[in-house]
Number of protein chains: 2
Amino acid sequence: MLESALNPKAIVVVGASDNPHKIGGRPLLYLSRFGYKGRVYPVNPHRRSVQGQPAFPDVASVPEAPDLAIIATPGVMASEAVRNCAARGVRTAVVMAAGFGETGDVGAAAEERRMVACARAAGMRIVGPNSQGLANFGSGAVASFSTMFLEVEPKDGPVAIVSQSGMMSVAPYGLLRGKGIGVRHAHATGNDSDVSLPELVLAVVHDPGVRLLLLYIESIRDPAILAEAAVVARERDVPIVAIKAGRTARGQAAARSHTGALANEDRVVDAFFHEHGIWRARDVHELVGAAELYLKGWRPKGRRLAVVSNSGASCVMAADILQEVDLDFASLSTDTQAALATQLPSFATTTNPIDLTAALLTDSRLFGSVLSALSDDDGFDELLITLPVAGAGYDVSSYARAAAEFAVRTGTPTVVAALQEAVAAKFREMGVPTFANQTEAISVLAQLVHHVRLMHRPRAAASPGAVVELPEGRSRFLSEAQSLDILSAVGLPTVRYRLCRSDAEARAAFRQFDGPVVLKACSPQLPHKSDLNLVTLDVRAEDDVTLAFSWLEDRLRVQGIVADGIIVAPMKKGRREFVLGARVDPVFGPVLIIGDGGRYVEALDDIALLLPPVRAEDVREALSTLRIAPLLDGVRKEPPLDIEPLCSAAVSLGQLVTANAERIASIDLNPLIVGSRGEGITIVDALIERSVHDRSGVVNTSPDEAWTVARRR
Amino acid sequence: MLESALNPKAIVVVGASDNPHKIGGRPLLYLSRFGYKGRVYPVNPHRRSVQGQPAFPDVASVPEAPDLAIIATPGVMASEAVRNCAARGVRTAVVMAAGFGETGDVGAAAEERRMVACARAAGMRIVGPNSQGLANFGSGAVASFSTMFLEVEPKDGPVAIVSQSGMMSVAPYGLLRGKGIGVRHAHATGNDSDVSLPELVLAVVHDPGVRLLLLYIESIRDPAILAEAAVVARERDVPIVAIKAGRTARGQAAARSHTGALANEDRVVDAFFHEHGIWRARDVHELVGAAELYLKGWRPKGRRLAVVSNSGASCVMAADILQEVDLDFASLSTDTQAALATQLPSFATTTNPIDLTAALLTDSRLFGSVLSALSDDDGFDELLITLPVAGAGYDVSSYARAAAEFAVRTGTPTVVAALQEAVAAKFREMGVPTFANQTEAISVLAQLVHHVRLMHRPRAAASPGAVVELPEGRSRFLSEAQSLDILSAVGLPTVRYRLCRSDAEARAAFRQFDGPVVLKACSPQLPHKSDLNLVTLDVRAEDDVTLAFSWLEDRLRVQGIVADGIIVAPMKKGRREFVLGARVDPVFGPVLIIGDGGRYVEALDDIALLLPPVRAEDVREALSTLRIAPLLDGVRKEPPLDIEPLCSAAVSLGQLVTANAERIASIDLNPLIVGSRGEGITIVDALIERSVHDRSGVVNTSPDEAWTVARRR
């Protein structure tokens, strides 16, 4: 649990500086200033004392094996210090020097690997390199050179921040401290060459003082550990909010030269966070925005918002924003409305949003009376009080008291939006969270509602899928026939077909299927047979089968492709083409994909990702996020689509790819044809890609490219 | 130009109160405090003097006809005051009382109309009722009861705010004044019963002191005046930023009870703003966010952003946000990169974004050197400096000087993102705009770039379309045949068809068209013939024509529909179905619609709206905003779609509906089939709806309903 890093008994500072504003000076200053109780050994070969403390000429000469080393020397000297610390029995070393793996330089990356290997050989862990350091304000072990701790006085508290970036370990700290919230942990892991961010998260989530976890991540390398930490966090009711930067190609390029981050596919990250109840923030303001609400222990059960304002315009703009953030306007009970009618001016409405109108200026008790009328109504789950303009003539202190009492009495999450700092301050003094920006106030309430739901949503139990045997061979892809057979064997609803090697067989198949058929060339070499014009749809007459068969044979000959035969299968129309797929992500493992299918899967890009195991309900929820979702229930007198078997197929596919992740790199079913409710679904095309483990000697493309290729048929 | 309202020579205050915190007291306080030079006549029948000024018992007894009356009395007394003011020769009256049209009460709305009629009869204008008042800090004529002007000291300046809401006339004022920006106008029009927001906008846009216009609108009733104001604004290079609240159904409901706002269809509002170069903001923070940048006179020509930071994480997050806001990362010249290489640590990259790394802590001249290296590079259009954490050890003052010099020397829009107020303050002192939130800083730069482009984009010249004659009749819709004929007559590419009244005619048509045909019942009673199953597609044999014909006849008989005949037309496949339509909006006039067509137009809702006249380029730009846009150029070896004739058709349809807006309520072409480039387009179904003016005796539905009906085929 990285005890030596978080609660060290003795710390050595290598490269200790007398100047408290240098990298080697700051940690010494912080250790003495923030109440660290352990022993500190500055190492500086050129000085007898550093910042008033006796200095040691080298690591070897410190009088005990320190739990933690802070290595503040740059470049090559840092590598040497790592060796010396490892030799001296240091348990964890924080390496602050930059210029290693993050530069993209081959030599520098190799040097980073050597450093780690040297440490590991001695049983020492490394945080960094390129780390701003660790800071534990619970123990005072502040092994960091951040400027922020000089700018904003620390206070121990319930928040833990773990970040791969130094700045992002302290920027949220600054914002939280500005709101009076205490922070216990503020750690920066830098290049994650050894100790990874997830490891550190797992360590701090067990700290009983931690009630909120904020993360900044540029690359996730060991999601299983982060998932384990998320389980503990949910058990402890500790929300996790995370920025995963490098969302875009440009961002990923920037991240590479910052912390040497490897790219994660962004939608897989989204699916991972969703699965594990982690809320994703976009910037530092979103990261800390809901902190106060989480820490109040507010865990709303519903999404029904009530709004009280002295501004009609604020009510209108609040109403406009609700749909965007997926909250509902609460309906007030008739009792509440009757009570409001006795308080409000005759021309005001008594429905939600409640506009106090300019009457608040003439009747200062109005505010309290309205909150009192609301406090017996259990028809809403959150309350927004929005007072964009108040001041002289308004008894804001009394409003603040009433709001605080309301929140305490009812347990309802209650926030205030106020543009004027003086107005906001009165509410904050009474412990009511305030926001200058009403849009932010509503977004933060919505985050609380949706995050709590995400944390508590039921999770699928892992259910073992069948292990399948792939046909022998070294080809990257299985043929369509081979793919369909494997899927059919595990019970997935594939189209019937015959693999025909002669015209006679094809004609017999036409007669067998009694009607329009499709003919498709079948070969492991043909992952994109449509693009090569090797598919003939809707063949309606037996003689046309002969024509199509010989045409396909011709085309194969011309293109020099050896095929296993021609697939003849019934022409299925159904109602709508979906895509269902799975692949094994190199970092996150099995991933399911479901969405609008057919020829334009990539161009229209209307898909959702899920991490198996999934429940049918999870698939249904994913489908509801698609742009084609309005079509699922049927429009314009159509019957609904048959979504249940689609969901079941997704569940099964998740089990299949999970059980066979060593063998299968990806499975792509496109199109999967969905009929009207009761008509079922049919997989009419399938492509299974072998894992590299399963095809020695085959040159592999990158997993991303493979995925793209697979989806492109 | 509402001179009497904005620069009155004498003001009467009806309902003047001795208490400066009452509605009738505030305007008196403000007129004396903010330097109003004209004459002020308080009217109060119960007092000899009010706030130290001699009071008059009634309006009749004031010694001159005042330009402006402030009517601060409530309810019925306000109506009486309007009568008295009209009688006394007042030119404009500001009515502050609420409880009129906005209540939804029939009697109250009638009272509002009577008030306006009484004023108009006497040649008096009314601002309000339900108005917080007008405030002109140029002349000191502050006829408002807002609390805000006590909270935040006014300063005359280049910004004008015009709002239908009182709060939203002063909330932006407060935020701007907080940034040190002066505000000249802050007007609230309330219910817009007489003087409308657009009228007031047109008045203030001519004020030569105004260089930025901010609007808050709940309902647009006279868009032509707002459009006229926008023309003046563009000529004067005055940006207009506007909130149009009531974007959603919930918001519209809230707006109705706030200012009595009539609903505007939100996408038409978007199209109107786009057409007139008005930037749309969502809340008050977005409304004022870019104010400093506009007022600096920055008008960037491109979207290439350069970023300088001391935080790699900020660079990564900036990169992530760029795509969202449609900015590009600038590529720095090789000269610049060479210059940077001499300044930055060896391990830092010399490409954009420029990460100064922790080296900034040890080398305080680094910042200035980097800006200096950048100042000769014309490869970027905007500069973001993001310093999330600085402070002790950082020479922030010198950075601020360097940034200010850079901005002045190069004219490049330059903004700073800094979380710490102390850091931001140093830059602000040097006149560099700052933002606590980096995401906001980038969004604001993007707004500036895109808004400038919007203001300066070429506009289509109005081009007269042909006036068409509709067939006689009282039906709400024309039949498909009638509709196609009219479109064909003005040169739009409609499908060839024959309207057949017998099986023999239908068979002849089949032979004429030589191949698969469609049969469709044709009647003005059949705007949704698909839903009634009165269409037979893809009839491939002449005998099948007979079957289809008699089947359609049967269905017509069973459903009791009198048809003009059965349309037989070639079955057109093309490549993609689009929808092209037009309607006459009751407020905004002709509106064009273009998008993904077919059966699911409404459910998939992938459309764009334009206000004619439009150029083909405008249509192309609108098409590029569709979700199906990636298909236009062809994907997966397909040729591109034939977009040019589609754009031309939209231009023509815009001319047609504009020239016939008195006759035609809507035109709906769905599907319009688009082939590959060079193959052209074909309108295969058309529906023209008569205007109510053109069909006396026919009960009309609301325009919105008509539109929905029309699009539903």
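Two strands pair if DSSP finds at least two bridges between them, and the strands themselves (E, at least two residues), like the helices (H or I, at least four residues), are DSSP runs numbered from the N terminus. Before you start clicking, note that this is a predicted model, in which local features need pLDDT of at least 70, side-chain atom pairs count only at pLDDT 80 or more, and totals for chains, interfaces and linings use all residues. Residues are numbered from 1 along each chain as its sequence is written, while chains are lettered from A and ligands numbered from 1 in the order in which they are written.

**Stop 1: a sheet in chain A**

Select residues 10-14 of chain A. This is strand β1, which pairs with β2(A) in the parallel sense over 5 bridges. Click on Val13(A), and you will find its bridge partner, Pro42(A), in β2(A).

Now widen the view. The open sheet has 5 strands in the order β2-β1-β5-β6-β7 (chain A), with parallel pairing. At its edges are β2 (39-43) and β7 (125-127) of chain A, each pairing on one side only. From one strand to the next, the twist averages 20°.

**Stop 2: helices on the sheet**

Next, select residues 26-33 of chain A. Helix α2 lies across β1, β2 and β5 (68-71) of chain A and runs at about 155° to β1(A); angles run from 0 to 180 degrees between N-to-C directions, with axes fitted as lines to C-alpha atoms, for helices over the stretch in contact. Then pick residues 75-88 of chain A: helix α3 packs on the sheet, touching β1, β5, β6 (92-95) and β7 of chain A, and its direction makes about 165° with that of β5(A).

**Stop 3: a helix pair in chain B**

Move to chain B and select α21 (residues 503-513) with α22 (residues 542-559). They pack at an angle of about 140°, with their axes 9 Å apart.

**Stop 4: Gly465(B)**

Finally, select Gly465(B), in the loop between α19 (438-456) and α20 (480-489) of chain B. Is Gly465(B) buried or exposed? Gly465(B) is buried, with 21 other C-beta atoms within 10 Å (buried takes 20 or more, exposed 12 or fewer, partly exposed lies in between, with C-beta atoms placed from the backbone). Beyond its neighbours within four places in sequence, Gly465(B) is in contact (C-beta atoms, placed from the backbone, within 7 Å) with Gln655(B), Leu656(B), Thr658(B) and Ala659(B).

Technical notes
Contact = placed C-beta atoms within 7 Å.
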